[in-house]
Amino acid sequence: MPHATASQTIGPYWHLVEDKDWADLTRFGAEGEKIVLTGTIYDGDGLPCPDACVEIWQTDPPVSDTFPGFGRSNSDANGVFRLVTVKPGPVSGRGNAQQAPHIAIWVLSRGLMKGLATRAYFQDEPLNETDPLLQSIEEPARRSTLVATPGAPGSWRFDIHLQGDRETVFLDV
Amino acid sequence: MTDPLPFRPLTAGSQPPYDVPGYRSTQRRFPRQPLHPIPHTITETTGPQFSERMFPASVDLTCNKTGQPAIGERIIVAGRITDEDGRSVPHTMVEIWQANATGRYDHPGDQHDAPLDPNFHGAGRVFTDADGFYRFLTIRPGAYPWPNHRNAWRPNHIHFSFFGPAFATRLVTQMYFPGDPLLSLDPIFNGVPDAAARDRLVAAFDLDLTEPDYALGYRFDVVLRGRAATPMED
Ligand SMILES: [Fe+2]
């Protein structure tokens, strides 16, 4: 059987299929703790990337008529993306493990031949100490690239560094 | 609780690397650290499902901006989406976007000096049927220049986005046209190391899809990742 079709870059003009509503996962009336997940995408020169597509997927709260679980935001002229969602709770991991609350992230842009996968965890969660993925990253500085930090009330900051000294940990999904 | 069945790893050579020296924009954007391994959990083995009820399809790009017909050569693009085991991927959303017949995107960022078509936006959304087949109508996109290197031109292409059953099956790619002399010069197309994998990005002219007195048909089949045969060891 043939292997999976090859990826190609999303390019700079994916906004043709952009639906701005998709950046708000609470638009159908979801209940729960509403949060903003925002950050800046930087390239290897530390310059913001103004043409990226940031997608998120979360399995908690469960998908329903009021919560799609999936969202998409462009990065603006300053490289900033912004999504509104419901703060996830813990979800089951492999075996008997429990995973700390997290949001899966997929970054696409001009210059990326394939999407880059990562995860945003939340700094205030005690379960981070036992989360299988976080604990599999040995260097604390690298691990911290996956942890969103609190900003304004209800807002969590998650900057993404595609390359360089502060490079985000990207996952081999 | 039973562990979710993971998706199999992507095959070496069939996917492009992040670092493609001939594609200049990769050079400040590719990660220098190796990707961190992650055993698939429910986060990776599930994914968004879009219903046509909530996300209406738009399958005729030749007239979906104003209702008036766009200029250019009408074409029909159709194909089947399967997984790596040949099973169809039913009822999955496919997003498409492209330049117009002159090679210009209806997008403020595109400053290429070629005319816009007031009746062509170049975006659509289709769903596969129960057997994984999709089909849409559009205008054959033109080639366009880009600043990658001197006299660089992208081959004619249509951008595609696929979801499939899981976040792990997400795929964004481009469909090309057979016989395009620009293909051998394009660093994005040639960023895929394996020649057979590149060839599968090139649609096939298909007389059976072609409609008499209306439009040529092109077939573009797509394969999304399949599940691993047995659960991987953690
Ligand atoms: Fe393009």
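Visitor: How many salt bridges are there between chain A and chain B?

Guide: The count is 6. A salt bridge here is a side-chain nitrogen of Lys or Arg within 4 Å of a carboxyl oxygen of Asp or Glu. This is a predicted model, where local features need pLDDT of at least 70, side-chain atom pairs count only at pLDDT 80 or more, and totals for chains, interfaces and linings use all residues. Residues are numbered from 1 along each chain as its sequence is written, chains are lettered from A in the order in which they are written, and side-chain values use heavy atoms, without hydrogens and water.

Visitor: Which side chain meets Asp51(A) in a salt bridge?

Guide: That of Arg29(B), at 3.1 Å, N to O.

Visitor: And how many residue pairs are in polar contact across the interface?

Guide: The rule finds 42, both residues at pLDDT 80 or more. A polar contact is a pair of N or O atoms within 3.5 Å; within protein, one must be able to donate a hydrogen and the other to accept it, and residues adjacent in sequence count only if both atoms are side-chain atoms.

Visitor: Which strand gives the most to the side of chain A that touches chain B?

Guide: E7(A), with 5 residues. Strands are DSSP runs of at least two residues, numbered from the N terminus.

Visitor: How much do the two chains bury between them?

Guide: About 6300 Å², with 59% of it on carbon and sulfur atoms. Buried area is the accessible area (1.4 Å probe) that two parts lose on being put together, summed over both. In chain A, Tyr13(A), Leu16(A) and Arg94(A) lose the most area to chain B, together 15% of what that side buries.

Visitor: New topic. Is E4(B) enclosed or open?

Guide: Strand E4(B), residues 123–127, is largely enclosed by the rest of the structure, because 5 of its 5 residues are buried. Buried means under 20% relative accessible area (1.4 Å probe, protein chains only). Ala123(B), Arg125(B) and Phe127(B) point one way from E4(B), while Gly124(B) and Val126(B) point the other.

Visitor: Which strand is joined to E4(B) by 5 bridges?

Guide: E3(B), residues 93–98, and the two run antiparallel. Strands pair if DSSP finds at least two bridges between them. Glu95(B) stands opposite Arg125(B).

Visitor: Is Thr138(B) buried or exposed?

Guide: Buried, at 0% relative accessibility. Thr138(B) lies in strand E5(B), residues 133–139.

Visitor: What does its side chain make a polar contact with?

Guide: The side chain of Gln98(B), at 2.8 Å.

Technical notes:
Helix = DSSP H or I, 4+ residues; strand = E, 2+ residues; numbered from the N terminus. Buried < 20%, exposed > 50% of the residue type's maximum accessible area, 1.4 Å probe, protein only.
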